[in-house]
Amino acid sequence: MKKDKQITSLTRQDRRIKQIIVIIACLCILFGAVASIFIYKLGSPKYVLIPTYDDAQYSALDIARFLSEPQKEGIATNAYTKRYVPSDEYLYIDPIPSEEYLTVYEKAETKQDLDVNEFAKFSDGIISRLFKKINMPAPTYEIELDEDPKHPEDNNLSAKFSKDMELSLYLRQHLNHSWFSIHSDSLSNNSPPLLFDGIKIEIDQRKSDEEIKRDLEPIKEKLFYIFGADFADVKIVREYDDNSENGVSILEIFFYNSDAHPLNANSFRPISDYICISFENYMNFSGDIVSDSILTQYDVYYRQYRSAPEERFVPKMKLKMIPLKDAEALLYNGYVFGGHVCPLCMAAQDGVDFENYDYVDLQYVLGYGDGTEVLPFYAFYKYIGKSANGNKTYAKTYVPAIEVTGYEEYFEAQKSQHK
């Protein structure tokens, strides 16, 4: 009996050991699931671990080539762009994230062959639902190939309507997305405004963003039906200039899913699918309609990508985020990048001392020209006075939010070149 009991005891111990092994295996699986947050598919069956670096992976010259040609004149800098706003809320400043590492993204090639059947399915559905909502007979159209021998990457399929169609519609399929737009001024001046199930698209720019969102709820549902899309989030962006007496120059409302990609939080336009109502409010020609209150001139856009956002903007690496105080030290030394496509425009500006700046936030920037990376920057804003139309003018400049080498050498070279 004692022997049998000993065997039973050992059997129970073996079971406990097996249970412990199972628990450890589960923990390993769980750890693997957590670690998979840092593993992304890079357009092939292989999975690659995203490297993380504490040291610099870019030089100041790399950043200059990525953005634009910076200038340095002592502490004051003319490497900045200008933002005009009637009040500070329209700078859309977000809090600085409390991250130890920031992701660098790479814009990947996701071009697909043009597909007539895919485009016809996209176009047929939208046209059928649109003309049902505006109570007009649906037109016929033909799909044509628009070729550019010098730039084949710009080849596209387009829907060609009859010349007597009242509306101005644009439907195109490009290598990486399909596109639809309709213009409010398509109808003749004697025609009534375009109605969607009896609803007119217009907004009052004097209202707050939240009020405008509520006002657009009825038309939002109509647009979702027309485009066969459903988005959870709304984003409003207002642009002002330094001379208009009619308030906003452009006001855009984006319907999209903010969680479709991390870069949506830091991009002017969503990088995932979206519907946009764009109100234009500046004088393009004599007699053009502008208003300081109710905006009625708009374009409606729908952009549907042919690949997922995580396939188009792929995490490349994680780099350590420099503290704000380190970025401020670079700012005060004039080690900044203007973010302007035209270095001559920046060179012609007066220098601005960013000491005692007013605002800072974190922004991701896609490189100009052939640049395919998306890098994080601190964006600093300094109030520099009133514009001709009374708007507040802010100078805006960038400092990389990651470690960068060669600041002193690069900017001293720039200083000597521009004497």
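A cavity is defined here, on a 1 Å grid over the protein atoms alone, as a set of points where a 1.4 Å probe fits but cannot get out, and lining residues are those with an atom within 4 Å of a point. Grid points are joined across faces, edges and corners, and a volume is the space filled by probe spheres set on the points. The model is predicted, with local features requiring pLDDT of at least 70 and side-chain atom pairs counted only at pLDDT 80 or more, whereas totals for chains, interfaces and linings use all residues. Residues are numbered from 1 along each chain as its sequence is written, and side-chain values use heavy atoms, with hydrogens and water left out.

Under this definition, one cavity of 30 Å³ or more was found. The largest cavity has a volume of about 40 Å³. Its lining consists of Glu280, Asn281, Ile289, Val290, Ser291, Ile294, Leu295, Thr296 and Gln297. By class, this lining comprises four nonpolar, four polar and one charged residues, where Ala, Val, Leu, Ile, Met, Phe, Trp, Tyr, Cys and Pro count as nonpolar, Asp, Glu, Lys and Arg as charged, and the others, Gly among them, as polar.

Side chains of opposite charge can pair when their charged atoms come close. With a salt bridge taken as a side-chain nitrogen of Lys or Arg within 4 Å of a carboxyl oxygen of Asp or Glu, the model contains 16 salt bridges. One of these joins Arg306 to Glu118, with an N to O distance of 2.9 Å. Arg306 is buried, at 11% relative accessible area, while Glu118 is partly exposed at 31%. These classes are assigned with a 1.4 Å probe on protein chains only: buried means under 20% relative accessible area, exposed over 50%, and partly exposed in between.

A salt bridge also links Lys207 and Asp215, whose closest N and O atoms are 2.8 Å apart. Lys207 is partly exposed, with a relative accessible area of 30%, and Asp215 is likewise partly exposed, at 40%. For the salt bridge between Asp326 and Lys325, the closest N and O atoms lie 3.3 Å apart. Here Asp326 is partly exposed at 34% relative accessibility, whereas Lys325 is exposed at 59%. Elsewhere, salt bridges with shared partners connect Lys133, Asp197 and Lys222 into one network.

Key:
1 Å grid on protein atoms, 1.4 Å probe; cavity = no way out; pocket = protein on both sides within 12 Å on 5 of 7 lines; lining within 4 Å.
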